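Here is a short briefing for a first look at this structure.

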Amino acid sequence: MDKQKLHDELKQYAFGMGAVLFGVADLSKVKHEFELDEEILEKLDKGISIGARINPLVVSEIEKRPTQLYLHHYKTVNHFLDQIALKLTNYIISNEYLALPIPASQITDWKKQTSHVSHKKVAYLSGVGWQGRNNLLVNEKFGSHFRLVTVLTNMPLKLDKPKDLACGKCMNCVKVCPAGAIKERPEDFDHIKCFEKVREFQKNNLINQYICGICIRACRGSCEASR
Ligand code: B12
Ligand code: SF4
Ligand code: SF4
């Protein structure tokens, strides 16, 4: 089957399950960065990036701190993405190719705060969005109102390319970050300040999770529903 057809078939399958973003990245040059067994990585050279919407009304409630509603939504969307990734993986395997779903949100090294694979990196390389000032992936339609998951595979799929887009003059997230972690240049983002703030929220806010959501709220894209 041709690569474009397989790409479109998987995209349709993912969208049919409720995904709103989809792209395929060539990972051959970056996969050495991933925290996975070399033997596994040798066999997999593509990453399928899938995005699911974060509900704008849930996020609109976050003013100074994360809310209970957001906590539940965060967990539900992670679970939803893991289910989509699992179904897509099984579909690929049933077509005699290899596939590995990467958890939507699992920290493997708490000291370094890393996971097996960077979903943002795969999403950027597959044209899903760009690295915003808020250090999140930003898409022209959804802003940062989406979460991500990745499926690694060796299926011969048509590859997508990174998009040449950036934040431009927008400074919405810089103005609202309670930690002062977001700067004008995306590369100056202060991970430590952000982490200290989410830890403070976790301790004082009765929310047993390192979440915030304020910089998601600020980044609305052109999605009508998020205004
Ligand atoms: C650990 C973690 C955290 C840690 C911080 C880790 C860190 N140092 O950034 C904590 C707990 C603080 C955290 C906070 C948040 N997180 Co978090 N987190 C993760 C997790 C589980 C692992 C990230 C990781 O491995 N980082 C290690 C570094 C090496 O990788 P990276 O941060 O992804 O960075 C890569 C890219 O930034 C890229 N890169 C760097 N510079 C540049 C420049 C350019 C131009 C390009 C193209 C790429 C690029 O290369 C880096 C390395 O490959 C991911 C899930 C995952 N598996 O990816 C979610 C994830 C990144 N988190 C997410 C979110 C939404 C949040 C929060 C908003 C929390 C919340 N839900 O309320 C905050 C936002 C903080 C912020 N503004 O960045 C989403 C981001 C979705 C999106 N649209 O981008 C993810 C992808 C989870 C998901 N399933 O969607 N997170
Ligand atoms: S998650 Fe909160 S503290 Fe971290 S960068 Fe976003 S707004 Fe700032
Ligand atoms: S709020 Fe504006 S500056 Fe911040 S990441 Fe989104 S588009 Fe970029």
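A residue is near a molecule, and so part of its shell, if one of its heavy atoms lies within 4 Å of it. By that cut-off, 32 residues surround ligand 1. This is a predicted model, in which local features need pLDDT of at least 70 and side-chain atom pairs count only at pLDDT 80 or more, while totals for chains, interfaces and linings use all residues. Residues are numbered from 1 along each chain as its sequence is written, chains are lettered from A and ligands numbered from 1 in the order in which they are written, and side-chain values use heavy atoms, with hydrogens and water left out.

**Ligand 1**

- By class, the shell has 18 nonpolar, 10 polar and four charged residues. Ala, Val, Leu, Ile, Met, Phe, Trp, Tyr, Cys and Pro count as nonpolar, Asp, Glu, Lys and Arg as charged, and the others, Gly among them, as polar.
- At least two shell residues come from each of helix 4 (68-94), helix 5 (119-125), strand 6 (146-153), helix 7 (191-204) and helix 8 (214-218). Helices (H or I, at least four residues) and strands (E, at least two) are DSSP runs, numbered from the N terminus.
- A polar side-chain atom of Tyr70 lies 2.8 Å from an oxygen atom of ligand 1. For a ligand, a polar contact is a pair of N or O atoms within 3.5 Å.
- Backbone atoms take part too: a polar one of Phe146 is 3.1 Å from a nitrogen atom of ligand 1, and a polar one of Gln113 is 3.5 Å from a nitrogen atom of ligand 1.

**Ligand 2**

- The shell around ligand 2 consists of Cys177, Pro178, Ala179, Ile182, Phe189, Cys194, Lys197, Cys212, Ile214 and Cys215.
- Helix 7 and helix 8 are the elements that give two or more residues to this shell.
- Nine of the shell residues are nonpolar, none is polar and one is charged.

**Nonpolar cores**

- A nonpolar core is a set of buried Ala, Val, Leu, Ile, Met, Phe, Trp, Tyr and Cys residues joined through side-chain atoms within 4.5 Å. Buried means under 20% relative accessible area, exposed over 50%, partly exposed in between (1.4 Å probe, protein chains only).
- The largest core has 22 residues, of which Leu10, Phe22, Ile48, Ile50, Leu88 and Val151 touch the most other members.
- Helix 4 gives the largest share of this core, six residues.
- A second, separate core of 15 residues includes Val58, Val59, Ile207 and Cys212.
- Contact means heavy atoms within 4.5 Å. Beyond its neighbours within four places in sequence, Val151 is in contact with residues including Ile48, Ile50, Ala85 and Leu88.

**Overall fold**

- The protein has eight helices and six strands.
- From the N terminus on, the elements run α-β-α-β-α-α-β-α-β-β-β-α-α-α.
- Of the 227 residues, 44% count as buried.
- The C-alpha atoms fill a box of roughly 50 × 40 × 30 Å, taken along the principal axes.

**Val138**

- Val138 is found in strand 5 (residues 137-138).
- Val138 is buried, with a relative accessible area of 5%.
- Not counting residues up to four places away in sequence, Val138 touches Val128, Gly129, Trp130, Gly132, Gly143, Ser144, Phe146 and Cys219.
- The C-alpha atoms of Val138 and Thr67 are separated by 22 Å.

Technical notes:
A polar contact is a pair of N or O atoms within 3.5 Å; within protein, one must be able to donate a hydrogen and the other to accept it, and residues adjacent in sequence count only if both atoms are side-chain atoms.
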